[in-house]
Amino acid sequence: MSRNGTNADVVMDGVPCKRMKVEAVDPVSPLNFDSPEALFESLISPIKTETFFKEYWEQRPLLIQRDDPSLAAYFQSLFQLTDLKHLCRQGMYYGRDINVCRCVNGRKKVLNKSSKVHYLQLRKDFDQKRATIQFHQPQRFKDELWKIQEKLECFFGSLVGSNVYITPSESQGLPPHYDDIEVFILQLEGKKHWRLYQPTVPLAREYNVEPEDKIGAPTHEFTLKPGDLLYFPRGTIHQADTPPGLAHSTHVTISTYQNNSWGDFLLDVIPGLLFDTAKKEIKFRTGIPRQLLMQVDDTAVSTERLSGFLRLLADQLEGTRDLRSSEMKKDFIRSRLPPYYLGDGSSLSIPDGRYPKLNSKVKLRFKDYIVMTVETDKDTSALGLRFSLSYMDALKQLWSSEIISVKELKLNTDAEKENLVLALWTECLVEVI
């Protein structure tokens with residue numbers, strides 16, 4: 001929660017339009033969707049969540065190979081090569097939805113056409129040119145992936161994306177490279193041979209291809225089969241190919257924590273902290289020396305002054321209760337997936353039938369999908385409901401309480417209490433118990 005100005009915004013991401021899903025009879029999920037925490041632990045089973053974050057997260061790869069027919073069948077249902085025929089009928093485009101590529105002599109060769117994707121041409125490139133098909137954001141069409149990813153977004157508090165890779169036998173789609181994301185690989189169909197290498201840039205902030213003659217011997221080498229899971233931190237150099245004798249391999253990469261480091265957070269919060277400090281400290285408002293911007297080599301004076309300002313900012317930071325996240329929080333709430341069980345959004349369009357009154361007991365819905373921020377009156381970029389800053393304590397009560405009586409809300413008048421709850425109830429954010 002950050003403070004600056006007079007209005008508080010309770011923001012709930014909108015339910016974006018979802019494309020027609022691929023109809024299929026899916027097996028019962030062996031994953032636990034009772035909560036975001038339960039889903040993650042069931043995904044990495046038998047590893048415990050505490051063990052994962054203590055020993056693997058941002059540190060080293062984790063390979064989980066499981067001989068579980070029900071899990072293998074479930075993973076296969078998430079996406080299959082045969083799904084592409086139905087999807088292409090819905091209007092897929094190269095670049096936006098699908099990439100076609102192959103690794104040739106250590107380089108990525110893109111085989112995209114400048115047009116709409118036609119299934120027969122796609123299969124021709126796949127079968128004859130041994131090209132890999134990369135399908136972007138399959139959760140738009142496959143509800144079970146949507147269900148998994150929105151729960152993971154709640155668990156990580158970060159955007160979660162996905163891509164499906166389908167590679168024919170004896171072929172490789174991408175050269176050795178590293179990414180700027182934490183990666184979870186789910187093997188869906190066939191088998192994939194993987195080689196992982198020591199990072200040259202640990203916890204990398206960008207994607208980069210690495211020449212094979214410079215990356216040394218693999219630190220890990222294995223083959224994934226349906227039902228297996230692989231995790232590796234951003235910066236891990238990797239390459240994968242489909243072994244001979246198989247029709248093809250299909251896997252989905254589920255990725256998170258892009259631009260979500262402490263460095264990114266500092267870049268996000270320091271502008272607000274600096275703005276607030278400059279309003280209180282005249283030192284920050286004095287002008288820089290004449291012709292400072294014209295100097296080339298003499299930076300001693302400016303670095304000394306800036307060091308002092310940064311120390312003062314650090315002192316201000318220690319006494320600050322609220323940090324104003326200018327973009328990271330907004331980007332997350334705008335771009336994240338809606339709750340899975342809302343389906344087409346119909347359950348958001350009609351409030352609960354019981355009208356909230358002063359003596360009603362209420363419960364805030366969708367806590368995992370709501371963000372409260374404090375913005376200036378002039379900031380029109382904030383989405384969601386806007387309230388006066390005087391409503392902040394009452395909003396915090398609703399946030400922290402499982403169930404609360406309307407009359408207990410910290411507002412000056414009964415009318416304000418009823419108006420706040422009614423505004424949230426109208427938007428389906430409050431349930432009357």
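## A charge over a ring

In this predicted model, the charged end of Lys147 is placed over the ring of Phe33, at 4.2 Å from the centre of that ring.

## Aromatic pairs

A pair of aromatic rings is described by the distance of the centres and the angle of the planes. Across the whole structure, a search finds 27 aromatic pairs. One of them joins Phe40 and Phe156, whose rings are edge-to-face, with 5.6 Å from centre to centre and 80° between the planes. Because Phe40 belongs to helix H1 (residues 36-43) and Phe156 to helix H6 (residues 143-156), this pair ties together parts that are 116 residues apart in sequence. Phe40 is buried, with a relative accessible area of 1%, and Phe156 is buried as well, with a relative accessible area of 10%.

The rings of Phe52 and Trp57 have centres 6.1 Å apart and planes at 55°, so this pair counts as tilted; both Phe52 and Trp57 are buried. Phe40, Phe156, Phe52 and Trp57 are among the members of one aromatic cluster, which also includes Phe53, Phe155, Phe184, Tyr231 and Tyr257.

## The second largest pocket

The second largest pocket holds about 330 Å³ of space. It is lined by 16 residues, of which Ile288, Ser302, Arg305, Leu306 and Phe309 are the closest to its centre.

Helix H7 (262-280) and helix H8 (300-318) each supply at least two residues of this lining, and H8 gives the most, with seven residues. By residue type, the lining of the second largest pocket divides into 11 nonpolar, three polar and two charged residues.

Terms used. Residues numbered from 1 in each chain as written. Predicted model: local features only at pLDDT ≥ 70, side-chain atom pairs only at ≥ 80, totals over all residues. Heavy atoms only, no water. 1 Å grid on protein atoms, 1.4 Å probe; cavity = no way out; pocket = protein on both sides within 12 Å on 5 of 7 lines; lining within 4 Å. Points joined across faces, edges and corners; volume = space filled by probe spheres on them. Helix = DSSP H or I, 4+ residues; strand = E, 2+ residues; numbered from the N terminus. Nonpolar A, V, L, I, M, F, W, Y, C, P; charged D, E, K, R; others polar. Phe/Tyr/Trp six-rings, centres within 6.5 Å; stacked < 30°, edge-to-face > 60°. Buried < 20%, exposed > 50% of the residue type's maximum accessible area, 1.4 Å probe, protein only. Lys NZ or Arg CZ within 6 Å of the ring centre and 35° of its normal.
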